[in-house]
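Biologist: Can you walk me through this model? I'll ask as I go.
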Amino acid sequence: MKNDIYRKVKARRILSFNEVNCDIFIKLSEDKYVAIIRANSLYDSSIIVKYMSKGVEYFYVNKDEYIKFSENYYSNAHLALYSDCICNQEKIELLNSIHELVTEHISNIGIDKSVIEMIDKVVSSSIDIVKKDEGLFDLLSSMINAKDYLVEHSMILVYLSCAIALKMGWSSNLTLKKLALAGMLHDLEITNPVLAIIHDCEKQKIDNIIDSEDRDIIHKHTLCTAEKIHCMKNYASDVYKLILEHHENPEGNGFPGGISSLEISSLSALLILTEDFVSKIYFSPIGKQKKEDLSELIKYFKTRYSKGNYQKPLEGLLLYLQSILKEK
Ligand SMILES: [Fe+2]
Ligand SMILES: [Fe+2]
């Protein structure tokens, strides 16, 4: 089987640089793959754009060269992150692309030393961005473009959960790292973007999904993802719980445990509330009329989350919203 010889690579990631260290192929049919870029030769990004405009979403690299490709891509992205003239918007875009690389690497190879290094870099760099703040919310709002819900909503969850934690005084690096790691990887086991949007933004539709395999993926992704990252580092048990509980809710009828608002941990409550906020703003970004946009949202969050262990994260969210309203 030819498709066992190659590994998938998201086409738009190849746009980030003008050189790759291995041949890049396109798939013409199940058995036919053709090289379009040769290793270590400079290429023009218009070639990539041309294929993408024809609907090509993925390119392929030889299975045996995937790790070499992935590590080289990461080291280029890492170098770019530390360049002097890079602004926050470019940093956020680079971190999104490393997030994509992480997801792809885990699906192609699994969790190994090099992917753990990439994850650590995304986590620490995003915490640095949150600590500097500098109009982060406006920047995130302007960058929501619904191109890749899985990456974008996960990374917005990283930034906003850490920003709200800072407002609550939960500023230890370990706490921020747990939130960032859980936010980044919480939906790792959902690869279908349509399912990802339904399970976060249109929850009432979950039970109406006809395909039972898809329903299963949604109901099991919290446990499957938590299990997958269980081997990582010494803070994995807390992160395990955060990921396992990210679909619990203040009504106590979430999944998998139906945990009540009094039993949920405060850190899980913060992640759950923030993800709800992200899903609310993702398709209706908050524009210049922030006050008007936010008043309905504030009413919704106060009504839903003024209970049990959600109370403190709610106060954090309200403090955060107050601070962005003060920004010009
Ligand atoms: Fe999610
Ligand atoms: Fe999820």
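Biologist: Where is Pro 256 placed?
Modeller: Pro 256 sits in the loop between helix 10 (236-244) and helix 11. Helices (H or I, at least four residues) and strands (E, at least two) are DSSP runs, numbered from the N terminus.

Biologist: And the ground rules?
Modeller: This is a predicted model: local features need pLDDT of at least 70, side-chain atom pairs count only at pLDDT 80 or more, and totals for chains, interfaces and linings use all residues. Residues are numbered from 1 along each chain as its sequence is written, while chains are lettered from A and ligands numbered from 1 in the order in which they are written.

Biologist: What about helix 11, how many residues has it?
Modeller: Helix 11 covers residues 266-282, which is 17 residues. From first C-alpha to last it reaches 24 Å, close to the 24 Å expected at 1.5 Å a residue. The expected span is 1.5 Å times one less than the number of residues.

Biologist: How many residues of helix 11 are buried?
Modeller: Twelve of the 17, so helix 11 is largely enclosed by the rest of the structure. Among them are Leu 270, Leu 273, Glu 275, Asp 276 and Phe 277. Buried means 20 or more other C-beta atoms within 10 Å of the residue's own; exposed means 12 or fewer, and partly exposed is in between, with C-beta atoms placed from the backbone.

Biologist: Zoom out. How many helices and strands in the chain?
Modeller: 13 helices and four strands. Buried residues make up 35% of the 328 residues.

Biologist: What is the radius of gyration of the chain?
Modeller: 20 Å, which agrees with the value near 20 Å for a compact globule of 328 residues. That radius is taken over C-alpha atoms, and the globule rule is 2.2 Å times the number of residues to the power 0.38. The C-alpha atoms fill a box of roughly 60 × 45 × 40 Å along the principal axes.

Biologist: Which domains does the assignment give?
Modeller: Domain 1 (1-68) and domain 2 (87-326). Those bounds come from an automatic or database domain assignment. The C-alpha centres of the two domains lie 31 Å apart.

Biologist: How many residues of domain 1 are in contact with domain 2?
Modeller: Eight, and they are in contact with six residues of domain 2. Contact means C-beta atoms, placed from the backbone, within 7 Å. On the domain 1 side, strand 1 gives the most, with four residues. By class, that side has three nonpolar, one polar and four charged residues. Here Ala, Val, Leu, Ile, Met, Phe, Trp, Tyr, Cys and Pro count as nonpolar, Asp, Glu, Lys and Arg as charged, and the others, Gly among them, as polar.

Biologist: Which residues touch the most other members of the largest nonpolar core?
Modeller: Ile 98, Tyr 159, Cys 162, Met 184 and Leu 273, out of 78 residues in that core. Helix 6 supplies the largest share of this core, 13 residues. A nonpolar core is a set of buried Ala, Val, Leu, Ile, Met, Phe, Trp, Tyr and Cys residues joined through C-beta atoms within 7 Å.

Biologist: What is Ile 98 in contact with?
Modeller: Beyond neighbours within four places in sequence, Tyr 74, Ala 77, Met 118, Lys 121 and Val 122. Ile 98 is one of the buried residues of helix 3.

Biologist: What do the buried residues of helix 3 pack against?
Modeller: Strand 1, helix 2, helix 4 (113-132), helix 5 (136-143), helix 6 (149-167) and helix 7 (173-185).

Biologist: Leu 101, buried or exposed?
Modeller: Leu 101 counts as buried because it has 23 C-beta neighbours inside 10 Å. It lies in helix 3 (residues 88-108). Leu 101 and Arg 13 are 88 residues apart in sequence, yet 8.3 Å apart in space, C-alpha to C-alpha.

Terms used
Contact = placed C-beta atoms within 7 Å.
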